[in-house]
Amino acid sequence: MPRISWGRVMFLGVVLIVLFLLPWIVSNRFYLRLATEILIYGLLAMSLDVLLGYTGLLSFMHAVYMGIAAYTVGLYLKHVDPSASIWLLMVLGIGATVLIALPIGWLQVRTGGFAFALLTIAFGMMLYTIVWKARNLTGGDDGLIGIPSPNVNLSSLVLADCKDPTSIYFITLIVVILCFYLTRRIMRSPFGAVLESIRENEERASFVGIHVHRYKLWGWMLACALAGVSGVLFTIMKCSVSPTVMDPGAGGSVLMMALLGGLGTLWGPFLGAGVFIFAQDYISTMTEHWMIFLGIFVIILVLFVPKGIAGFRETLFRRKAE
Amino acid sequence: MPSDLTFWVQTIINCLGLGSLLLLIAIGLNIIYGINRIVNLAHGSLYALGAYFGYTLVANGLNFFLALVVAPIMVLGIGLVVERSIIAPIRTRPMLYTLILTYGVSVLLDGLTKYFWGVQPRFISTPSFLSQTIHLGGIPYPFYRFFILIITFGVMAGLMFLLGKTKLGITMRAASNIPEMVSVLGINMNFVHVLVFGLGCGLAGIGGVIAGPLLTVYPMMGSEMLISCFIVLVIGGLGSLRGSVIAALLVGTVQTLGYVFITDYAMVVVYVMMAVILSFMPRGILGEGKFE
């Protein structure tokens, strides 16, 4: 049994308490919405961390898998059953994402690291284009608006009314914490170790007898499934979906969040999402040329702080040692 | 399916035109990868910059052909600055960081382009003899597409000469094979890297100026062209020049036909084709790493 560091436990406890008490700490509804958004994108960034930080596969358009789930849920709520239960929506969203991600992933994992990244761009653009151009189904540029909010019901017990930002925040928080914990357990298992070995040295891993393609595919599916969860949460929170959720800008943003927060940690990306969303919010009120800042930001990040916030201590140590 | 001869001749020449444009830009990318082992995601942005520079030069009165020379030189300059200051320092790090870094550069360049030129599409006016319509056996055709073919052909011929007959070119080919040997022989690899990167950027710039009158100059042109170029590279085989030629013609044809028959979802067909090819030939048609 590993020694439990009580300092760590206390820190974790404080964080959890703050998170759960947030609606009462923060008086402004806007910040609560922002927090929910940060949680959702943090989850998406974490899923990219699973893909990139642990398995070593770079994807520039990971946001499309959030988009697929978001659109599926949105369409279902709008056209089929406005009062669907959230559990069903989760299954639908994750299911749709997994269904589409599977064949794409199967094709993609057969290629090397760089070709993989290109294929993610190509397939991502393909999905984005399809969603964008299918105006009859998805509303094109305008997207789906006025999606009804589902109710969260545990059998006949009404847990929360989704029109209330506080309950949406809590649902998001619980789902995200659950996903985080699950992913952590998975990554700390032998499966996670295999993924990391593939990241480190694919050839050697195959020499040891690891079926590299298969594990890469599993890593990919896990990442996409988590992205699907974030997509479902997104639609529930926003009550609308538009193609910008899955455009190249979104794909790049998720990558930035994951990098900024620090790859290979699972919790880093949440910090990255927080900083990124705050910064984006702040900068977009000042200028519409946020791209310039984003570009400079990425360049500085890669050149000087490649490990992100989570790895900042490590970067600092390395600098001191030099 | 129109059985009109006019339609088909025009379409074929359109395919060739787009294919050669793709080839021109993809070659630059391929060279940089083949010799420098750098994936330059900013290539599309540099191409767009070439088009915007060309627009500004021509709009201010410069002759189109002069702009065709000056604009790529400007792009080359910017490319060199980027290479020396940003890309060279991380040469030793894993390729992942290069990818992300050049991605950042492309975002920065795109943002600067939007800042200086705005989001409205721009048009490059060409001298009248270029924009005229010629007739082949009674079939009218805009001369400009032929011009693209001519330029690409000229550039390719120049490249073949450079790589095949000049000492510099042979050095480059050697560097793509075993860089260590080349530096052991006393050749400054840094110099080679800079030269190659400049060459690639210059090609992107030329491509931009040429594409301007054809596709108009608009902010998204860089990203769209980049994706098509990557598809060309991946299909033809990274680092293989001959593969790029075949792949460029293939992608140009499929894309053009796609736009003619399906418009909106044309690119989807291209993506599917790439997926199919890659699943059977993951290294591309002519295989990776053969720089010839």
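This is a predicted model: local features need pLDDT of at least 70, side-chain atom pairs count only at pLDDT 80 or more; totals for chains, interfaces and linings use all residues.
Me: Which residues have the most contacts inside the largest nonpolar core?
Reply: Those are Ala122(A) and Ile25(B), in a core of 184 residues.

Me: What does Ala122(A) touch, leaving aside its neighbours within four places in sequence?
Reply: Residues of chain B: Ile227(B), Ile231(B), Tyr271(B) and Met274(B).

Me: New topic: where is Ile124(B)?
Reply: Ile124(B) sits in the loop of chain B between helix H4 (95-117) and strand S1 (133-136).

Me: Is Ile124(B) buried or exposed?
Reply: Buried, because it has 24 C-beta neighbours inside 10 Å, and 20 or more is what it takes.

Me: Which residues does it touch, not counting those up to four places away in sequence?
Reply: Ile124(B) touches Gly54(B), Tyr55(B), Val58(B), Gly212(B), Pro213(B) and Val217(B). Also, Ala51(B) is 73 residues away from Ile124(B) in sequence, yet their C-alpha atoms are 8.4 Å apart.

Me: On to helices. How many residues has H3 of chain B, and what should they span?
Reply: Helix H3(B), residues 64-87, has 24 residues and should span 34 Å at 1.5 Å a residue; the end C-alpha atoms are 32 Å apart, which agrees.

Me: And what do its buried residues pack against?
Reply: The buried residues of H3(B) pack against helix H2 (43-59), H4 and helix H8 (189-215) of chain B. Among them are Leu68(B), Pro72(B) and Glu83(B).

Me: What about H7 in chain A, how far does that reach?
Reply: Helix H7(A), residues 165-187, reaches 32 Å, close to the 33 Å expected. Its buried residues include Ile168(A), Tyr169(A) and Met187(A).

Conventions:
Residues are numbered from 1 along each chain as its sequence is written. Chains are lettered from A and ligands numbered from 1 in the order in which they are written. A nonpolar core is a set of buried Ala, Val, Leu, Ile, Met, Phe, Trp, Tyr and Cys residues joined through C-beta atoms within 7 Å. A residue is buried if 20 or more other C-beta atoms lie within 10 Å of its own, exposed if 12 or fewer, and partly exposed in between; C-beta atoms are placed from the backbone. Two residues are in contact if their C-beta atoms, placed from the backbone, lie within 7 Å. Helices (H or I, at least four residues) and strands (E, at least two) are DSSP runs, numbered from the N terminus. The expected span of a helix is 1.5 Å times one less than its number of residues.
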